[in-house]
Amino acid sequence: MTDKNILKEVKKWQELLGLQDWNFIIDPVKNSIISDHGELAKVYISEESMSAGIVIAIDLPDEEIKRSIQHELFHVVLHDLGSTFNDAIDLLGVESRTALGSRYNKCEEKLVIKLERLIDKLVPMEESRLEEKAEQ
Ligand SMILES: [Zn+2]
């Protein structure tokens, strides 16, 4: 996938998710895994500057790159929630931060995956609806 098409895909999801006032910086990496945990992409969010840096593996099929972009932008949408959680957990002390922080991250990851699967179901439904409309 070309850098131009990656930016196009980011723009698409930025609009669909209402993130137009955010600034995205894409860092394409020619390595199919960008971390020790086997991730294909990672997002670094700066709330103050409303910017997000996405490090993304690009030596993958287009569909996987598109999925990574979608995935990381869902994390940006959920950032306010995570940020509020972090403020709350600060009041509870260090041990709670470690235990609950990892639980929170797992919950957020599960939610992002659920959203991805929802989109996977909705897109074919919308496509067949459009096809039916065209046949009429
Ligand atoms: Zn994730």
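**View 1. Helices H3 and H4 cross in a right-handed sense.** A crossing counts as right-handed if the near helix is turned clockwise from the far one by less than a right angle, and left-handed if anticlockwise. This is a predicted model, in which local features need pLDDT of at least 70, side-chain atom pairs count only at pLDDT 80 or more, and totals for chains, interfaces and linings use all residues. Residues are numbered from 1 along each chain as its sequence is written. H3 covers residues 79-90 and H4 residues 94-135; they pack at an angle of about 165°, their axes 10 Å apart (axes are lines fitted to C-alpha atoms, for helices over the stretch in contact, and angles run from 0 to 180 degrees between N-to-C directions). H3 is therefore roughly antiparallel to H4 (angles over 145 degrees count as roughly antiparallel, under 35 as roughly parallel, 65 to 115 as roughly perpendicular and the rest as oblique). Helices (H or I, at least four residues) and strands (E, at least two) are DSSP runs, numbered from the N terminus.

**View 2. Here is where H3 meets H4.** From H3 come Gly82, Phe85 and Ile89, facing Ser96, Arg97, Leu100, Gly101, Tyr104 and Glu108 of H4; contact means C-beta atoms, placed from the backbone, within 7 Å.

**View 3. H1 and H2 pack at an angle of about 40°.** Helix H1 spans residues 3-16 and helix H2 residues 62-77, with their axes 10 Å apart. The two helices are therefore oblique to each other, and their crossing is right-handed. Ile6, Glu9, Val10, Trp13 and Gln14 in H1 meet Ile65, Lys66, Ile69, Gln70 and Leu73 in H2.

**View 4. The largest nonpolar core has 15 residues.** Such a core is a set of buried Ala, Val, Leu, Ile, Met, Phe, Trp, Tyr and Cys residues joined through C-beta atoms within 7 Å. Ala41, Ile56, Ala57, Ile65, Ile69 and Leu73 have the most contacts inside it. H1, E3 and H2 each give two or more residues to this core, and H2 gives the most, with five. Leaving aside neighbours within four places in sequence, Leu73 is in contact with Trp13, Gln14, Leu17 and Leu19.

**View 5. Glu47 sits in the loop between strands E2 (41-46) and E3 (51-57).** Glu47 is exposed because 11 other C-beta atoms lie within 10 Å (12 or fewer is exposed, 20 or more buried, and in between partly exposed). Not counting residues up to four places away in sequence, Glu47 touches His79 and Ser83.

Note on methods:
Contact = placed C-beta atoms within 7 Å.
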